[in-house]
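Subject: Structure handover

Hello,

Here is the structure for your files. My notes on it follow below.

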Amino acid sequence: MERRLRDITEVSENQFGFMPGRSTMEAIYLLRRVIEKYKEKKRDIYMVFIDLEKAYDRVPRDIIWWALEKKGVTKGYIDVIRDMYEGVVTTIRSPVGETNKFPITGRMEKKDSCSRPHLMRLKTWLGLVKRSMIYLWNLKLRKSNEDGFFTETLQMYSSMLRHSSNAYFGNNFTFPLVLKACSNLRSIRDGTILHSLTFLIGGGLHSDVFVQTSLIDMYSKCSDLPSSRRVFDEMPHRNLVSWNSIISAYSLHPHINHTFSLFKNMLFLGLEPTSATFLTILSSGLGLGLGQGLSLHCYIIKLGLLHSELPISNSVMSMYVRFGQLDDAQRIFYSSFESERSIVSWTTLLGGYTTAGYVAPAFHIFNQMRRQSIKPDCIALVNIISGCAQAGDLQLASSVHSLVLKSGCGCDIVHDDHNHPIDNLLVSMYAKCSDLVSARNVFDRVREKSVFLWTSMISGYTHFGNPEEAVNLFKELLRTSTRPNEITIATVLSACADLGSPSMGVEIEEYILQHQQHSGGCLASNLHVLASLIHMYCKCGNVEKAKQVFERVSKKDLAAWSSMINGYAIHGMGEEALSLFHKMQSEEGIEPDAVVYTSILMACSHSGLVEDGLEYFKSMKRNLKVEPSIEHYWCLVDLLGRAGYLDLALKSIQEMPVQVQDQVWAPLLSACRKHHNIEIGEFAAKKLLDLNNGSGSNSNYVAIANFYTSVGKWKEAAVVRRLIDKDDQGEGRSVKEPGRSQIEIDGSLHVFTAGDRSHHRSSDIYAKIKQLHALSF
């Protein structure tokens, strides 16, 4: 009918709607583009709208029939059209039900030449129902996202599709909500399906700026940067939020150059960046250089955002802290008014000082913050606890602990994730302040202990002189449901090495093989664990077992090579150490570091390989640009002294940097004692006495006294020993700790202390020592 009517009527070429390829959506799009372009150029625009509903739809039908007859439409056609509107009844069906039948008495509608009465009103009514239902769904989806129930959001949308007609796929508000859930769940599969739906359901969703911006964010959060960029490039229209989204996408990945390229393109197009733009780039930190950070800082000042936007000020300050530019960070901090600073401002500067090791300025900032009645949060407390650990001040540590308890962040609080860093840091803090009793008290008061807390306490015992307690605590850990990780295993193996307990080390290795899987992967192939095993067996005297562990490491890293080389070195196996050192470089292509060179110099020293040791010392700095440390200089003096080159050793010391010389007189004195060189020995002893004046160290006094005794200078030896013994009356400068050694035989640990004869075989032991002493002469 419509086709036949078109044959006898004329339709303007400018007509939109009911024309092939000329939909009303196209007209709306063109109109929108015109408005945007005028707005972009800041030009005035004047538009006239004609209400076609009044101009056409309200014309009485009799006039329509008369007009059709006047236009030459045959009476037969007019009668057919009239019959379609005379005595017709209809009903309205919707998702919520169906109405009773009613007669159609309305006028002609504008939609098409064969449209029925009430069609426009019916569509309007159905449109309202549809929009209302979608609005309700959107409210539910938004609430689910706000509550963090992202999986439920996807399930809700799936239910919306199943229980509604095809008209309820959603709108340009629905899709961003569902895509946000996909982003948080990192579900690229669901996100891709939603992307496809935007094309299938039409309605312009696939080109909607809000939907496409959400797609950019979803793909970037799911680590699919190429798809994010593809969506961005295909957008017909981009707003500032779109640019911020793609910049954020690149900022999540180490593509800082692409990020800055996009930033420059945005500026070229005349878009003015907002605080969100700068926050996105500054907060990422991935690959951001200091020069680029300075450029951003300048642009922020130019736009007047530095002090008007507090998050921007904090981000710029944090950027300078990351680069160690604490003076610049402090300038920004103090350039703002006190009332404009947030807790983030304080903790940023505080964290910068503690990370850089500037404990005094950190405490100054912390005290200043408290004087201004700003309550420190857990982040501030974490930073100040770290500062206490660096300072090693027990009184200060106790004060900070009290403040932690008052703030409610302490170990008395039950934490849902059981991994609160405050507890771990408190344990480490007390351990580094040499107060293992307080550290254990903190540990015991935590109800639900995480593996990190167990590791902190075991590490405290291991690194601060109580390896036996570390092993006992590890055994206690194994009786709980908490499983040790690779750091725990490596730490307790270090305790076994210090304890000289190979039997416990074997038990731990068996545990590793039996419980290979853990949260971070396979313990039996973890390089950190294997290097610790090698070190433990070497320290316990079982070099062959250490070699077996070393050979089963498939991909050896520098730590594994270093542990094995060091094992050979401490057992005087210089040739084996040097052979392994050359193999590491020639076959594996691994460059040695300063620690490996220390082991090599030690191996040469213990094996009497003087020429090799001197050559390695020279090549260390010449070929590999490794600067000698105190440990290297100490090994050099020990190398020359053991071999009897005492004059050369003294000359080497005198040519060393001044700050190093004080640390290397002890090995020279020990060598003089061995070779009975009184002249150089007395010179070294005098240097040590001058150095030890007021220091409170007893090891140097003992070394000096032993030297004088060995060369028969009993009077001088007695004077030095009186310096040690005077402390009993509170007058001396040091406390002599008795020598202590231990050995494990058949799983039983035997401990010996100087002057103690409580061991059941002490008579046999002293007799053997006397016999060995006689043989040495």
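At 26% relative accessibility, arginine 229 is partly exposed, where buried means under 20% relative accessible area, exposed over 50% and partly exposed in between, with a 1.4 Å probe and protein chains only. Aspartate 233, at 42%, is partly exposed too. These two residues form a salt bridge, with their closest N and O atoms 3.0 Å apart; the term stands for a side-chain nitrogen of Lys or Arg within 4 Å of a carboxyl oxygen of Asp or Glu. Both sit in helix α11 (residues 225-233), four residues apart, about one turn of the helix. Helices are DSSP runs of H or I with at least four residues, strands are runs of E with at least two, and both are numbered from the N terminus.

On conventions: this is a predicted model, in which local features need pLDDT of at least 70 and side-chain atom pairs count only at pLDDT 80 or more, while totals for chains, interfaces and linings use all residues. Residues are numbered from 1 along each chain as its sequence is written, and side-chain values use heavy atoms, leaving out hydrogens and water.

The whole structure has 13 salt bridges. Arginine 440 forms one with glutamate 476, at 3.7 Å between the closest N and O atoms. Arginine 440 lies in helix α23 and glutamate 476 in helix α25, so this pair ties together parts 36 residues apart in sequence. Arginine 440 is buried at 17% relative accessibility, whereas glutamate 476 is partly exposed at 31%. Salt bridges with shared partners join Arg440, Asp444, Glu469 and Glu476 into one network.

Regards
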